[in-house]
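Dear colleague,

Please find below the structure that I am handing over to you. My findings follow it.

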Amino acid sequence: MACISGWYAGKNVLITGATGFMGKVLVEKLLRSCPEVKALYLLVRPKAGQSMQERVQDMLKCKLFDRVREDNPEFHQKIIPISSELTQPGLALSSDDVKKLTDCVNIVFHCAATIRFDEPLKHALQLNVIATQQLLALAQQMQHLHAFIHISTAYANCNRRHIDEVIYPPPVEPKKLIDSLEWMDDGIVRDITPRLIGDRPNTYTYTKALAECVVQQESGKLNVGIIRPSIVGASWQEPFPGWIDNFNGPSGVFIAAGKGILRTMRASNDAVADLIPVDVVINLTLAAGWYTAVHRPKSALVYNCTTGGINPFHWGEIEHHVMSTFKRNPLEQAFRRPNANITSNYLINQYWILVSHKFPALIYDLFLRLSGQKPQMMRIFNRLHKAIGLLEYFSSQDWDWNSDNMNMLLSQLSPEDRKTFNFDVRQLNWPEYIENYCIGTKKYVLNEDMSDIPAARQHLRKLRNIRYTFNTLLLVFIWRVFIARSQMARNIWYFVVSLCFKFLSYFKASSTLTN
């Protein structure tokens, strides 16, 4: 059986979205596990005053590439940045770059996309659909292309409860939508967006469904594979456990909970949290690239890269393990002690938002104003509520994904490739993974030193003492204002206390008789 790394030897690889979270892991994995790969061509645009070369250089300095650096200090010589802008006609490629790519590229990994759930439809369409269309047109010109792998999402068809590994009919013909929106101004598009996306929750899932249709319609004779990951999280094993570099998705929620800012979240405790480690997605992607190139399937193979149907874990379990991890390994300068709760009840959630989010934020902002500083907590909570609201659709319900193609591909791997390109999520130990994920947010997103954990624990003890003092003062205040001034309130209070005393006496007597 052919070895995956052996197939990639001597190959030229084109990658879009290489500076994004998944793109970085893909680049690192190719360089580390396929050391004989000839060259990686990365389509990169200048951004925030940085040239494409500077962006790539900064990316390669990241800790993610430490293992590659140890094995091959000159690995950067295989990286060839290509100036490109996905929102421009022809991807803004120069004629020289087009010739270079069409002459030598052997496989394309299309990872670039906007993952913002609230992206305006026109922009999401440009990045997720039109850019895919233009990349396919470029791929058609490539003389030595063996495979084209498109990264989609498992939620592209989230309006269905059971999702097979097939490309479903699009909600609208992509070409007609592109032509229609071209002449509309942004205001009109914004007004009609809810009706266009229909029963999908956002423009991201909507345009990803359209992109799959475009891949099917315009791939021609190309050998195509589509990867559909669910909620992509921190690494499981490679290049080391817990690597994460952004606040997107669950990472931001975990950090907010660890900082003691997030106290309540509307979700279903019993709903499956379909997280998928980023290294699992990348290993499957590289294996699918190899299989597509070698076996040349007659039609595009779709791989649902999910965990829920194979090794399920629930939001209630995630809450428990996140809280316990951050209590053992607290984040620095926490706002409050970590104590977040999940509820599916709207009214209960709104109550806790008022009591545990808005009220403390108002008090803290008042303190900042009095001390001559700029208030900020209410603004932070408003942003947090917006982010949590966007995730609510995905944390409150379940989907059933078919994984036959993923299992088939796993069965095609040699024992050696199963170790090197492991995507068998049955082996995933969830409590250990969630702990590594939380610690990863502390080390790699917040850049906190693990040696400072004793000081962080001391800070949590200080916050606990402040909480006890506040609760005691609040109880005294309630007594003085309400109970001490009313005979009825005192009678009720004494009744409750005597009831508790009788219960404790009964419990003590029962324990004595039992002994």
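Trp430 and Tyr433 stand three residues apart in helix H17 (residues 430-445), so about one helical turn separates them; helices here are DSSP runs of H or I with at least four residues, numbered from the N terminus. The two form an edge-to-face aromatic pair, 5.8 Å centre to centre and with 80 degrees between the planes. Rings of Phe, Tyr and Trp (its six-membered ring) pair if their centres lie within 6.5 Å, and planes over 60 degrees apart count as edge-to-face. Trp430 is buried, at 3% relative accessible area, and Tyr433 is buried too, at 2% (buried means under 20%, with a 1.4 Å probe and protein chains only).

Please note that this is a predicted model, in which local features need pLDDT of at least 70 and side-chain atom pairs count only at pLDDT 80 or more, while totals for chains, interfaces and linings use all residues. Residues are numbered from 1 along each chain as its sequence is written, and side-chain values use heavy atoms, leaving out hydrogens and water.

The structure holds 22 aromatic pairs. Ring pairs also join Phe117, Tyr155, Tyr204, Tyr393, Phe394, Trp399 and Trp401 into a cluster.

Lys11 lies over the face of Trp7, 4.6 Å from the ring centre, and the charged end of Lys63 sits over the ring of Phe240, at 5.4 Å from its centre. The criterion is NZ of Lys or CZ of Arg within 6 Å of the ring centre and within 35 degrees of the ring normal.

Yours sincerely

Key:
Rings of Phe, Tyr and Trp (its six-membered ring) pair if their centres lie within 6.5 Å; planes under 30 degrees apart count as stacked, over 60 as edge-to-face and the rest as tilted. Helices (H or I, at least four residues) and strands (E, at least two) are DSSP runs, numbered from the N terminus. Buried means under 20% relative accessible area, exposed over 50%, partly exposed in between (1.4 Å probe, protein chains only).
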